[in-house]
Amino acid sequence: MKLRIAVTAGDGIGPEVTGEAVAVLKDIAAQGGHDFSFVEKRMGGVAIVHDGMPLPKDTLDAALASDAVLLGAVGGNEFNSLPPDKRPEGGLLALRAALGGFANLRPCFSFKELTANSPLRPEIVEGADILFVRELLGGAYFGKPREWNREKGIGYNTMVYTRDEVTRVARIAFQLAQKRRKKLTSVDKANVLEVSGLWRAAVNEVGKEFPDVALEHQYIDAMAMHIMNRPRDFDVVVTENLFGDILTDESGVITGSLGMLPSATIGGKVNLYEPVHGSAPDIAGKGLANPLGAILTAALILRYSAGLEAEAAAVEAAVRKVLEQGFRTPDLVRGNAQGLTVLSTKEMGAKVREAVASELLAASS
Ligand code: IPM
Ligand code: MG
C-alpha cells in the first residue's frame, strides 16, 4: 500500500499531537511493509508568521498532490483581530474548500474507562456511539452575501444550500447508517428556516433509496438536549455545517474530553483528517496535550484512505487498551486519580505504539 500524506501540524498543540499520530502511522507502515510518505507544510498561525498568509500556495499544492492531508489544529489569540479570511481559521476553511470533501465524519463514543470523566452520569453515556456527518462546505460558513459593515453597524451571513449539496451528504450518511445500526437522524430548524425546509425535503427524497434505514428528523434546539439526555438513542446524525460544528463540540462531553475525538472529511479530491479539538494555546509545548484524538484520526486515515481496516481497528483497540491499563493524559483525569498513571504527550504516544505492535502481532499469529 502506497500513500502520500501531507502533514499540516499547525498551531498550539497541533505539532505535538500530530507528531504522535505520524509516529503511529510510520510504525504501521514499517510493520506491514507499506510505503507511506510524509511531507510537512505550514498552515494556520505559523504560516501567517512565516509566509504572511494562513494557507501558502506551497502548502495547498502539496495538499492537492497528496492522497490524504493530516491536520493538527489551527488558531491562536494573537490572530483574533485579523479579518476572518486572514485568520488561521480562514486558511482552514480555504483548505477544506480546495480539497472538496463535503462530508465531515465525526465519531463520538463513550470509552468504558472514561465514563467517570463525563459530567453526565455513567448510566447515560455508557455505550453511546454516534457518528456525526457534518456538511462541511456549505451553509453560513461559505454562503454569500456576507459582510460586517462597520460604518453602517450591520453584519450578516447567508445560510444557503442547494438541493444537490444536501442530497450528496445525505447519501453518504444513509450509506454509513446501513453499515451500522440503520438509524439516521437529520437535524435542522425547519420550523423557522427556509433553508432547513429544503434540507428536510432533500433528505426525505434520498431516504426513499434507503428503505432499510429508519429516518427521523429533529430540530437543532431539541437535539442539543436529546444528545445530553439520551445519547445512546442516536446512531448516525446528519446536519448542516454550523449545527454540526456546535453539536460535535457539545458531544465531546459524552466522551469526557474533546481531546479524544477524531474526524475525517470525505467525498472530495483529497480526504482531510483532523482531530476535533482546537489548538489549546494555553497548554502548548508543555507535553500536556492528549494525542489520542490525533492518533484515532490516524486510524481513520488507515480506514478511509489506505483501506487498511485491520490496522485501523488495531489502533483503536490499542487506545482502548492503554486506557484500560490506567494510562491518562492530564485532561483525562477528573477527580480521583487513584490507580491511574498520568503521562506526557510523548509517553502516551509511546504506550499506544507498543499496544499497536502487540495488537498486530496477535492478529498475525
Ligand atoms: C471545527 C472548528 C473549525 C470550524 C474552526 C477552527 C474554523 O471549530 O473544526 O469544528 O468551525 O469548523
Ligand atoms: Mg468546532
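Ala, Val, Leu, Ile, Met, Phe, Trp, Tyr, Cys and Pro are counted here as nonpolar, Asp, Glu, Lys and Arg as charged, and the others, Gly among them, as polar. The model is predicted, with local features needing pLDDT of at least 70 and side-chain atom pairs pLDDT 80 or more, while totals for chains, interfaces and linings use all residues. Residues are numbered from 1 along each chain as its sequence is written, chains are lettered from A and ligands numbered from 1 in the order written, and side-chain values use heavy atoms, without hydrogens and water.

Ligand 1 has Glu 89, Arg 96, Arg 106, Arg 134, Tyr 141 and Asp 245 around it (a heavy atom within 4 Å). Sorted by class, that shell comes to 5 charged residues, 1 nonpolar and no polar ones. On its own, ligand 1 exposes 320 Å², and the protein buries 78% of that (Shrake-Rupley method, 1.4 Å probe).

The structure holds 1 cavity of 30 Å³ or more, a cavity being a set of points on a 1 Å grid over the protein atoms alone where a 1.4 Å probe fits but cannot get out. Lining residues (an atom within 4 Å of a point) include Met 159, Tyr 161, Trp 199 and Phe 243. The lining divides into 6 nonpolar, 1 polar and 2 charged residues. Helix α7 (DSSP H or I, at least four residues) gives the most, with 3 residues.

Conventions:
1 Å grid on protein atoms, 1.4 Å probe; cavity = no way out; pocket = protein on both sides within 12 Å on 5 of 7 lines; lining within 4 Å. Points joined across faces, edges and corners; volume = space filled by probe spheres on them. Helix = DSSP H or I, 4+ residues; strand = E, 2+ residues; numbered from the N terminus.
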